[in-house]
Amino acid sequence: MNRAGSAEEARSLPSKVSVRNLNFYYGGQQALFDNNIDIPEKRVTAIIGPSGCGKSTHIRVYNRIYELYRTHRAEGQVVIDGKNILLPSVDLIDLRKRVGMIFQRPTPFPMTIFDNIAYGLKLHYRVGRTELSDRVEDALKRGALWDEVKDKLGEPANALSGGQQQRLCIARAIATEPELILMDEPCSAIDPVATAKIEDLIQTLRDNYTVVLVTHNMQQAARVSDFTAFFYKGYIIEFGATKQIFTNPAERETEDYITGRFG
Amino acid sequence: MNETTRQRRVDRAFRILTASCALVVIVLMGGILFELLRNSGMSMKEFGFGFLTSDAWNPGAGEFGAASSIFGTVVSTAIAMLLAVPLSLIIAIYLVEVAHPRVSKIVGGGIELLAAVPSIIYGMWGLFVFAALMQEHVQPWLGRWFGFLPLFQGPPMGIGMLTAGLILTLMVLPFITAVTRDVLQMVPPVLKESAHGVGATMWEATRHIALKYGRRGIVGAVFLGFGRALGETMAVTFVIGNSHRISSSLFDAGNTIASSLANEFNEASEPIYLSSLFELALVLFGLTLLFQTLAHFWVSRMQRQEAGSR
Ligand SMILES: Nc1ncnc2c1ncn2[C@@H]1O[C@H](COP(=O)(O)OP(=O)(O)OP(=O)(O)O)[C@@H](O)[C@H]1O
Ligand SMILES: [Mg+2]
């Protein structure tokens, strides 16, 4: 199922995130250089590029998670829904409710399956018992995990398999009703069957969410994304419809990378 | 000789060596227990179970009872744990989650240093500096504002149960803090990031995720401090006042099992006196064992809860 978007579509779609002149520094070391990109709304955008090119660094700006480390610093503009989220006045809690993040390794909280989902919900909403369990069920269904865990919601989350844990983390991110979901190599630590499930899940998410997916797996990018950005040494070299990037890249580096000549 | 038989022999020798080292521990335990039992036999025969409930302690009259020592041990340890546990957690959280790395390093180093200070030094400092501070400032203040409580009545003498409890607090604080800090540092950064990622504040991420993730290690740290407070001898002996009585006021002098032992072994001329001290030691041994066992069950219950269902 390839729904790869076209160049025209990319221009015509409203953008969820508009990045302008983004520079990023780890202490004195610069990791991103003048990044500019418009992430289309309700589409899947893949970010590819060789290891260390700044893919993770880039998406970690969108929810300002990098701020947990005092030497990390971003400059420029990242406009989400018309608001520059790099401004100091932005409410981080609210931002992170709107921008969910999935990490390379599953990160279940040390609590039960139910509580893993309920935790984020309870941080943001005042909900009664029945509504809470309804919403947990709903999130687990949308995370394509419900059937596998409905009989053991009270069990600790780390008793699940790696693939299940990762879907749990996706469900947890979905539960707070984000509009944008960032995934940083969500399948790199799990087996092919679990990967296929998560790819299917990403396809269904496209209807309601904007997804940014960092991946090392070229086939995965081609399979699930509408648009693809190629990063190299901290620069965004090329951004366009996935089909076009993979069949007819405009830049030499992109072509070298996707044909496996380096990276 | 072929490879596998040689290997098997080496393995066997290794097993025997390690097992015999472990055996030494068991033998030592058994030996201590046996000696304590043997030496306290006379006192047991004389006072029976009443030894544990009587607070009489008149070496001249040949009357001995452990109640005041048990009371003092429990109260001073309770004061120490009540104050040290929350304080240690707060300091550890500050060091790991809040403080600038440089500050964290300096303060953390200081804490480790404090943990290494020999207890006799705490005792001397407690007697010469801290007790005076207590007498002149802390106790009068407590008496003025909280004097309606029986806990804070009576003349401020500097030394006494409260001072002993506070010295113990200062002694176990660095222990619990250092271990808790290490436990919190072991929490994977990505787990904390996920907590912040769903919109937790620093406090929420720490309380719900980091502390929970490390809770077994933290309970271990608390019990380490607890064991130290329970058996601490020198520092307490210096500041507790060493009187065998049970008082409702924390300003009054008291004693603990360990402090009595340290204080009185030299003076124990009568066989029954000596035997009573041995029985006192046996009680401390038993108390320690009891709490260690409780701790053990608690931790393993926690483990089961983690593994099993809600
Ligand atoms: N915490 C950090 N401190 C200092 N430098 C860092 C840190 N994290 C990443 N970097 C550097 O920033 C650059 C970009 O790293 P980043 O993790 O964003 O790459 P990536 O594209 O996600 O790589 P990978 O595909 O291996 O995950 C690299 O040169 C890396 O060494
Ligand atoms: Mg990365």
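**Ligand shell, strands and helices of the predicted model**

In chain A, β2 and α2 (55-62) each supply at least two residues of the shell around ligand 1; helices (H or I, at least four residues) and strands (E, at least two) are DSSP runs, numbered from the N terminus. This is a predicted model, in which local features need pLDDT of at least 70 and side-chain atom pairs count only at pLDDT 80 or more, while totals for chains, interfaces and linings use all residues. Residues are numbered from 1 along each chain as its sequence is written, and chains are lettered from A and ligands numbered from 1 in the order in which they are written.

The shell around ligand 1 is made up of A:Y26, A:Q29, A:A31, A:G49, A:S51, A:G52, A:C53, A:G54, A:K55, A:S56 and A:T57; a residue is near a molecule if its C-beta atom, placed from the backbone, lies within 6 Å of it. With 3 residues, α2(A) gives the largest share of this shell. Sorted by class, the shell holds 3 nonpolar, 7 polar and 1 charged residues, where Ala, Val, Leu, Ile, Met, Phe, Trp, Tyr, Cys and Pro count as nonpolar, Asp, Glu, Lys and Arg as charged, and the others, Gly among them, as polar.

A:L22 has A:N35 in β2(A) as its bridge partner. The hairpin of β1(A) and β2(A) leaves 2 residues between the strands, and A:G27 in the turn has a positive phi of about 60°. Strand β4 (residues 72-80) of chain A is also antiparallel to β1(A), again with 8 bridges, and here A:F24 stands opposite A:A74.

Two packed helices are described by the angle between their axes and the distance between the axes. For helix α4 (residues 113-124) and helix α5 (residues 129-142) of chain A, the axes come within 9 Å and cross at roughly 110°; axes are lines fitted to C-alpha atoms, for helices over the stretch in contact, and angles run from 0 to 180 degrees between N-to-C directions. α4(A) is therefore roughly perpendicular to α5(A), a term covering angles of 65 to 115 degrees. The contact of α4(A) with α5(A) has 8 nonpolar, no polar and 1 charged residues.

Chain B has 13 helices and 2 strands, and its C-alpha trace spans about 70 × 65 × 40 Å along its principal axes.

Methods:
Pairing = 2+ DSSP bridges. Parallel < 35°, antiparallel > 145°, perpendicular 65-115°, else oblique.
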